[in-house]
Amino acid sequence: MDLIEVPSERAFYSASISAFLTSDADSILGGLARKSGFSIETTQRDAWVFQIRNLQEQFQPYVDRGWIFLEFVVPRLGRRIDVLAIIDHVIFVIEFKVGDSEFSRHAIDQVWDYALDLKNFHEPSHACAIAPILVATQTCQIAGSISTSHHDDGVLYPIQASPDQIRNIIDATLLFADGQKIEPQKWAEGRYKPTPTIIEAASALYGNHSVAELSRSDAGEINLACTSVAISDLIERAKSENKKAICFVTGVPGAGKTLVGLNVATTHMDSKSELHSVYLSGNGPLVAILREALARDKVARMKSLGEKLRKGEAKKAVEAFIQNVHHFRDAYLADPKPPVDHVVIFDEAQRAWTKEQTTQFMARKKGRPNFNRSEPEFLISCLDRHPDWAVIVCLVGGGQEINTGEAGIGEWLNAMHDHFREWEVHISPHIHDSEYGAGKALDLLKDRSNVIFNEDLHLAISMRSFRAEHVSSFVKHLLDRDIEQAREILKQVNDRYPITITRDLTRAKQWLRQKARGNERFGIVVSSQAQRLKPHAIDVKSPMDPIHWFLDDKDDVRSSYYLEDVATEFHVQGLELDWACVVWDADLRYTEDDWEYKSFVGNKWQRIKLPDRQMYLKNAYRVLLTRARQGMVIVIPPGDDLDPTRDSSFYDPIFNYLKELGIEEL
C-alpha cells in the first residue's frame with residue numbers, strides 16, 4: 001500500500017518513499033496546497049518545490065524502506081514539521097531553512113523541540129531513535145556529527161546539514177542508532193497524547209484546537225475531555241431548563257483545571273451566542289501572561305497566512321474572554337445590570353477574598369463603608385441578576401491559598417447556603433478532602449436536594465509532570481512530614497523525573513542548563529519570604545516582569561533562561577516550567593517536632609504565629625515544588641555562621657530531612 005492512513009489533521013501529505021519518488025513534483029505540491037486550506041504565498045510554494053525535488057534526489061537509496069510525511073502537524077506546539085521520514089528503525093525529523101546560510105540557535109532549538117515532542121507525547125515514538133536534522137539550503141558539503149544526548153532516551157543532538165548531505169547523514173544515523181524496524185502503519189495509527197503547558201494549551205485552544213487534541217486519556221482516570229463534557233452538558237441543561245447552577249471542579253496541582261476553564265471559554269467565544277462565557281482569574285500574572293501569549297500567537301498565525309494584525313487589536317479580542325476577576329467585580333459593583341455573560345469561569349476560586357478582606361478593601365479603596373459581603377457572595381449575586389439562567393464554574397486547587405484574605409472554598413459554600421438556595425450545586429466528591437478547605441461549610445449543604453456530586457468534576461492526575469504523575473503527591477507527603485510515604489512515592493518518581501538537592505547554586509544552574517533541550521524552559525523560583533538569599537544574588541524584592549520571564553527567548557536577559565531574575569509563588573502559580581531550581585531559604589525550617597515558620601522583619605527573623613499565615617507559607621512551598629514538568633533541583637544554601645541571619649543551623653536540618661527522604665545530592 002503506497003498511501004498510509006493517518007488522521008486527516010496529522011499531515012498535509014503522506015506516502016511510501018517509493019510512491020513519493022515516482023510521483024510528479026507538481027502533483028505533490030498541489031496536494032499540499034489543497035490540504036493547507038489557505039492561499040499559498042510564493043515563498044511557501046518555492047520552499048515546498050525545493051524540498052520535494054531535493055528529497056526525491058536524496059531519498060533514492062531508500063525505496064521500499066520507509067515512509068514520508070510532509071507538513072506533519074504538532075498540535076501542542078501549534079506548528080508543523082517540514083518533513084518526517086521513517087526509514088528502517090529511525091524517525092528523521094527534517095527542518096528546511098530555505099535561503100539560510102547559517103544554522104541559528106533558534107532553528108536548532110526548533111527542530112529539537114519537534115523531536116522531543118514526538119518522543120514525549122507520541123506513543124509509538126517512545127522507544128524509537130529520533131534524529132532531528134536542520135538543513136540550511138544555502139550551504140554545501142556540511143554533515144554535522146551524530147551523537148546522543150546525556151538523557152540517553154534515543155533523541156539525538158540536532159544534526160546540521162546541507163541539502164546535498166542528507167543522504168550521507170541518514171546512512172550514518174542508521175548505522176549509529178540501534179532499534180527494531182518501525183512499522184509505518186502502526187506508527188501512524190499510534191496515539192498522540194500531549195501534555196501542553198498552560199501557555200501552549202491556551203494558544204492551541206484559541207487557535208481552534210479541541211481539548212481532546214491536547215489531553216491525555218490515561219486508562220482508569222477521569223481526563224480533561226470528560227470534565228469538559230460534564231461542564232458543557234450542565235451549561236446546555238441550565239439554558240434549556242432556565243436554571244441557575246454552580247459547579248466546583250477539583251484537581252491536584254497541574255491536573256489541568258485552568259485548561260478545562262479555558263476550553264469552556266474558547267468553546268463559547270462568540271459574543272453573539274447566549275452561551276458566551278468569560279474566564280476570570282484573580283491571578284494577575286497568569287492573566288497578563290495568557291493575554292500577551294495569545295496576542296503574540298494570534299499575530300504570528302495571521303502573519304503565517306499573509307495577513308497583518310496589530311498586537312493591540314489582537315490583545316483587545318483576548319481581553320474579552322480572559323479577565324481579571326477584580327476588574328469584573330468592580331465593573332458590576334458600579335453597574336447594577338446583569339453581566340453580559342451567562343457563563344462565568346472562576347479559576348483558582350479558593351483564592352477569592354473572605355468577607356473581612358473584601359469589606360476592608362471596599363471601605364479603604366472603593367469608598368463603600370457599608371459593604372458587608374465576601375467576594376464569592378458578591379460574584380454569585382452578579383450572575384443571580386439574570387432573570388432566566390446562569391452557570392458559574394469554580395476551579396478549585398488544593399492547598400493553593402498563598403495570600404492574606406484568601407477564603408478557600410468554604411466561603412463559596414457558605415454563600416450558597418445562606419443566600420442562593422435555589423441554585424443547583426454540582427460538586428466534585430473530592431471536595432471533602434482536607435486540602436480543599438471546604439470544612440464545615442460542606443455539611444450545611446448535605447441535606448439539600450439540589451446538591452449533586454459528580455466524579456467527573458475531579459482531575460486526579462497531574463499533567464504538568466508528564467514524566468511522573470505522582471510528583472504532587474510526593475510534595476504533599478514531604479510537606480506533611482510523612483517520611484515513609486514520601487520515600488515510597490519518590491521511588492516511583494525518580495526513574496523518569498529527576499529530583500536532586502545541592503548546597504551550591506552555581507552547580508544547580510549548570511544542572512538546569514545541562515538538562516534542558518531545545519526551548520524547554522527553566523528558571524529559579526523562591527518563596528516571597530526568602531529575604532536572606534541576597535548573598536546569592538537573589539533579591540525577592542527586586543521587581544521582575546513575569547511576561548518577559550515566562551515568554552521571552554534565551555537571548556533576553558529578563559527571561560527565566562538567564563537565571564538572573566527569580567520568580568515567587570505569586571508569579572508562578574497556575575504556570576509551569578520544564579525544569580525548576582527551587583532555592584529554599586530559612587523562612588520554612590525543619591525541626592524534629594514540626595515546621596517553623598519565619599518572616600524576616602527589619603534585621604532579624606521573626607516567628608509567624610497566626611495559623612493562616614503559616615498555611616500560606618507552607619502552600620507557597622507547595623506551589624514552588626510542583627512547578628516543574630520534567631525535573632527539579634532544590635538548593636539549600638550552606639548558611640554562614642558569621643551571619644546570624646543565615647546561621648547554618650537554619651539550613652542544615654532542611655537539607656538532612658530532604659536527604660532522609662531519599663533525594664540524591666547533586
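How many aromatic pairs does the structure hold?

## Aromatic pairs

The structure, which is a predicted model, holds 21 aromatic pairs. One of them is formed by Trp-112 and Tyr-157, whose rings are tilted, with 5.5 Å from centre to centre and 55° between the planes. Trp-112 belongs to helix H4 (residues 105-121), while Tyr-157 sits in the loop between strand S5 (129-136) and S6, so this pair ties together parts of the chain that are 45 residues apart in sequence.

As a general point, the strands of a sheet pair through backbone hydrogen bonds, and they may do so in either a parallel or an antiparallel way.

Within this sheet, strand S2 (residues 66-74) and strand S3 (residues 79-87) run antiparallel and are joined by 8 bridges.

## A hairpin between S19 and S20

Another antiparallel pairing, over 4 bridges, links strand S19 (residues 595-601) with strand S20 (residues 604-607). Here Lys-598 stands opposite Arg-607, a residue of S20. The two strands, S19 and S20, form a hairpin that has 2 residues between them, and in the turn Gly-602 has a positive phi of about 70°.

Helix H15 (residues 375-384) packs with helix H16 (residues 410-419) at an angle of about 55°, and their axes are 8 Å apart. Because of this angle, H15 is described as oblique to H16. The crossing in which H15 passes H16 is right-handed.

Which residues in H15 meet H16? On the side of H15 they are Pro-376, Glu-377, Leu-379 and Ile-380, and these meet Glu-411, Trp-412, Ala-415, Met-416 and His-419 in H16. When the residues in this contact of H15 with H16 are sorted by class, there are 6 nonpolar residues, 1 polar residue and 2 charged residues.

Definitions and conventions
Residues numbered from 1 in each chain as written. Predicted model: local features only at pLDDT ≥ 70, side-chain atom pairs only at ≥ 80, totals over all residues. Heavy atoms only, no water. Pairing = 2+ DSSP bridges. Axes fitted to C-alpha atoms, helices over the stretch in contact; angles between N-to-C directions. Parallel < 35°, antiparallel > 145°, perpendicular 65-115°, else oblique. Left-handed = near helix turned anticlockwise from the far one by under 90°. Contact = heavy atoms within 4.5 Å. Nonpolar A, V, L, I, M, F, W, Y, C, P; charged D, E, K, R; others polar. Phe/Tyr/Trp six-rings, centres within 6.5 Å; stacked < 30°, edge-to-face > 60°.
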